[in-house]
Amino acid sequence: MEDYENKDLAKYAQAYTKLLYVQQNLKAPKSRRASFGNRGYNYRSCEDILNAAKPLLSDAKLILTVSDEIVSIGDASYVKAKAILIDTEGTGTISTTAYAQIATDKKGMDVAQMTGSASSYARKYALNGLFAIDDSEDIDSMDHSEKKKRRLQKQQSLQAQHKKKLRKK
């Protein structure tokens with residue numbers, strides 16, 4: 001039994017070695033620009049990641065499939081995206097999953113557009129997980145420090161006004 005287990009581990013180790021090759025060589029720059037508030041931000045799309053990955057996947061003899069399905073969790077609907085790497089040499093598969101909630105009311109978007117937007121988002125993050133891409137500077141994780149600063153200043157101003165009113169009494 002032990003020899004079988006060691007062969008199985010070695011088989012998967014080869015698939016992970018191939019994934020490591022893709023992760024180390026993947027270059028998917030944030031070449032797209034979006035405006036948000038006073039500041040814009042650069043980002044990469046699912047399509048950018050796929051286009052950058054395809055030559056590396058071919059070199060490593062890996063096939064990538066990305067699929068999604070709609071799932072309900074509580075009262076909300078989500079897109080569940082799954083990215084699966086298949087080694088064409090039969091050494092295993094590796095997969096990641098990501099979820100994105102489908103918005104119920106986005107100004108100017110119909111239901112199909114909201115679902116498509118959630119699908120793109122979930123697929124992108126499934127690929128990020130699979131290829132070890134860090135999007136920590138994307139809008140999704142920006143701290144919006146200017147907004148926070150203005151909110152804090154407003155709060156401090158209101159507190160000061162409240163204190164003045166209390167002193168007058």
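Residues are numbered from 1 along each chain as its sequence is written, and side-chain values use heavy atoms, with hydrogens and water left out. In this predicted model, local features require pLDDT of at least 70 and side-chain atom pairs count only at pLDDT 80 or more, whereas totals for chains, interfaces and linings use all residues.

Secondary structure elements are DSSP runs numbered from the N terminus, with helices (H or I) of at least four residues and strands (E) of at least two. Three strands form an open sheet in the order E3-E4-E5, with antiparallel pairing; two strands are taken to pair if DSSP finds at least two bridges between them. Strand E3 (62–73) and strand E5 (93–101) are the edge strands, each pairing on one side only. On average, neighbouring strands of this sheet are turned by 20° against each other, direction ignored. Angles run from 0 to 180 degrees between N-to-C directions, and axes are lines fitted to C-alpha atoms, for helices over the stretch in contact. The antiparallel pairing of E4 and E5 extends over nine bridges, and Lys82 stands opposite Thr97 in E5.

Helix H2 lies across E3 and E4 and runs at about 130° to E3. Helix H3 (residues 111–131) lies across E3, E4 and E5, at about 145° to E5.

Side chains of opposite charge can pair when their charged atoms come close. Six salt bridges were found in a search of the whole structure, the criterion being a side-chain nitrogen of Lys or Arg within 4 Å of a carboxyl oxygen of Asp or Glu. Lys18 forms one with Asp87, the closest N and O atoms being 2.7 Å apart. This pair links distant parts of the chain, with Lys18 in helix H1 (residues 2–25) and Asp87 in strand E4 (residues 76–87), 69 residues apart. Accessibility was classed as buried (under 20% relative accessible area), exposed (over 50%) or partly exposed in between, with a 1.4 Å probe and protein chains only. Lys18 is buried at 11%, and Asp87 is buried at 4%.

Arg32 takes part in two of the computed contacts. Its salt bridge with Glu47 has its closest N and O atoms 3.5 Å apart. Because Glu47 lies in helix H2 (residues 46–60) and Arg32 in strand E1 (residues 32–36), this pair ties together parts that are 15 residues apart in sequence. Arg32 also meets Asp48 in a salt bridge of 2.8 Å, N to O; Asp48 is in helix H2, 16 residues from Arg32. Glu47 is partly exposed at 49%, as is Arg32 at 30%, whereas Asp48 is buried at 15%. Salt bridges that share partners also join Lys18, Lys61, Asp87 and Glu89 into one network.

Rings of Phe, Tyr and Trp (its six-membered ring) were paired if their centres lie within 6.5 Å, with planes under 30 degrees apart counted as stacked, over 60 as edge-to-face and the rest as tilted. Tyr41 is buried at 18%, whereas Tyr43 is partly exposed at 25%. Tyr121 and Tyr125 form a tilted pair, 4.7 Å centre to centre with 45° between the planes. Both residues lie in helix H3, four residues apart, about one turn of the helix. Tyr121 is partly exposed at 36%, and Tyr125 is partly exposed at 23%.

Technical notes: Contact means heavy atoms within 4.5 Å.
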